[in-house]
Amino acid sequence: MIEFFLNGQRQRVATEPETSVLELLRGPLARHGTKEGCASGDCGACTVAIASPEDGQQSLTYRTANACITPAHQLQGAHLITVEGLARGDALHPAQSSMVACHGSQCGFCTPGIVMSLFVMHEQQRSAPGMPLDDHRLEAALGGNLCRCTGYRPIRDAALSMSEHADTRPPWADDPTLERAVRELSPTVASEGQSGYLTPTTLAELTAAMQRHPEARLVAGATDLWLEATQRLEPFEMLIDLRQVRELRQIEETADGWWIGAAVSYREWEPLLVEHYPAFAHLLTRLGSAQIRNRGTVGGNIANASPIGDTPPVLLTLDARLRLAGPQGMRELPLASFFLDYKKTALEPGECVAAIYLPKPQANFEQRVWKLSKRREDDISTLLGAFRWRRKDGVLSDVRVAYGGMAAIPLRVEAVEAALEGRKPDQATFRTARQALHDSLTPMSDARGSRDYRLTAAVNLLERWRLTLVDTGSNDPAQEVILDAYAH
């Protein structure tokens, strides 16, 4: 049984573990405004807004989510807003009236999701009116909403003109008791026996639950796991939700770095990266969409062990470590020792990833990250190259080179690192490094790219890195963080 608010109205419903928010809306709750497009978190037609009480937040903050891959049980203790909950009678919300005025709706199927993304953008503008609504914010807000009618210009016009329309507020926004009522709901699901869905709140509870239910699947953001339900139609008999485990939701600073809890979302992690690792932070803007980054977690990206996961290659170049929790307590190991084979990791039975250690950058630290994909927005990597080094007196040191999409696991290429370590970044040195890369790797072939394509691209990224080491007068480490297979 889960309890939450929907468009200001309290709900109490029973549902199966594999039920998504979209299925709950269109089924038992009979709210049909939210559409199913891809059922994989790619198109944004099912976008909704969810506000959950967060530590340190003075007021509820609404964030976009893909309803098709969000577990219905994760609505527990939250306020869910759908497209039906925006207007006040016949008076439209600015996100709606601007779309009407700018003819932003074509066939209309994607429109509810776009309107919900605009609603969240409007709420952000309301809370920070001085923040400019520039192209970067528009991309971030709408990059996860696809319009197959190619109607992006009027949608962009609608986003930019929302402030020109009457600031109609939905009725629930005037309820002074709503936020307190949401906060009074329990964040945990009431009964494991009936729901098949556990929400432990401490690491001790989590490890005990994993021992009692060794067959259970772990879920945090569900941005990958839920594809098993929507694409493969596989049932989940038992799920253990990590999002309420306090120890997994913390960012702990030490003298030499930070321990990032495995259930910390990309959105929550980004401010730290912006300050200390700007190239890494810019990569996150190309990791999925805002809907994905609001829910996806770094722990999930690692534990999923995909060879094309975006963060593991970068973390490998930063000498990241993992803290694993299990029935025998905690243990640590280098991230480089975690990936064993395709989808196979060093996790022992009953263990989970608890935190990721990110060392603080040393003096003269430099970094480049390039993601090669077929489209700019909301796409999976074909190839990702990450490079980290220090430079003093024209010589490279502490060189780290890692790739994703080149093998069954993300991996460092130590032969390339050895070819560059302690040498000047001239053409001869990089010629040796490129040969070392050729000799070290036999890339995979799949639908995104052939072996020859990937090897050529990986070699070319080495050459691109060399060219950035030539003094161009630019000190922007986030420059050209992504390469697209097609020109824009």
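**Cavities, domains and cores in a predicted model**

The lining of the second largest cavity has two nonpolar, five polar and one charged residues. In this count, Ala, Val, Leu, Ile, Met, Phe, Trp, Tyr, Cys and Pro are nonpolar, Asp, Glu, Lys and Arg are charged, and the others, Gly among them, are polar. The structure is a predicted model, in which local features need pLDDT of at least 70, side-chain atom pairs count only at pLDDT 80 or more, and totals for chains, interfaces and linings use all residues. Residues are numbered from 1 along each chain as its sequence is written, and side-chain values use heavy atoms, with hydrogens and water left out.

Rolling a probe the size of a water molecule over the atoms shows where empty space is left. A cavity is a set of points, on a 1 Å grid over the protein atoms alone, where a 1.4 Å probe fits but cannot get out; lining residues have an atom within 4 Å of a point. Points are joined across faces, edges and corners, and a volume is the space filled by probe spheres set on them. Two cavities of 30 Å³ or more were found by this rule. The second largest cavity has a volume of about 30 Å³. Its lining consists of N66, I69, T70, G221, T223, Q291, I292 and R295. This cavity lies between domain 1 (2-184) and domain 2 (250-488), because both give residues to its lining. The domain bounds come from an automatic or database domain assignment.

The largest cavity holds about 40 Å³ of space. Among its lining residues are H73, Y197, D241 and R243. By class, this lining has three nonpolar, five polar and two charged residues.

The C-alpha centres of the two domains lie 33 Å apart. Their contact (heavy atoms within 4.5 Å) takes 21 residues from domain 1 and 13 residues from domain 2.

Not counting residues up to four places away in sequence, T64 touches residues including T47, M116, A290 and N294.

A nonpolar core is a set of buried Ala, Val, Leu, Ile, Met, Phe, Trp, Tyr and Cys residues joined through side-chain atoms within 4.5 Å. The largest one has 83 residues, of which W269, L315, Y403 and W465 touch the most other members. A second, separate core of 31 residues includes V83, L86, L142 and C147.

How values were computed
On a 1 Å grid over the protein atoms alone, a cavity is a set of points where a 1.4 Å probe fits but cannot get out, and a pocket is an open set with protein on both sides within 12 Å along at least five of seven lines; lining residues have an atom within 4 Å of a point. Buried means under 20% relative accessible area, exposed over 50%, partly exposed in between (1.4 Å probe, protein chains only).
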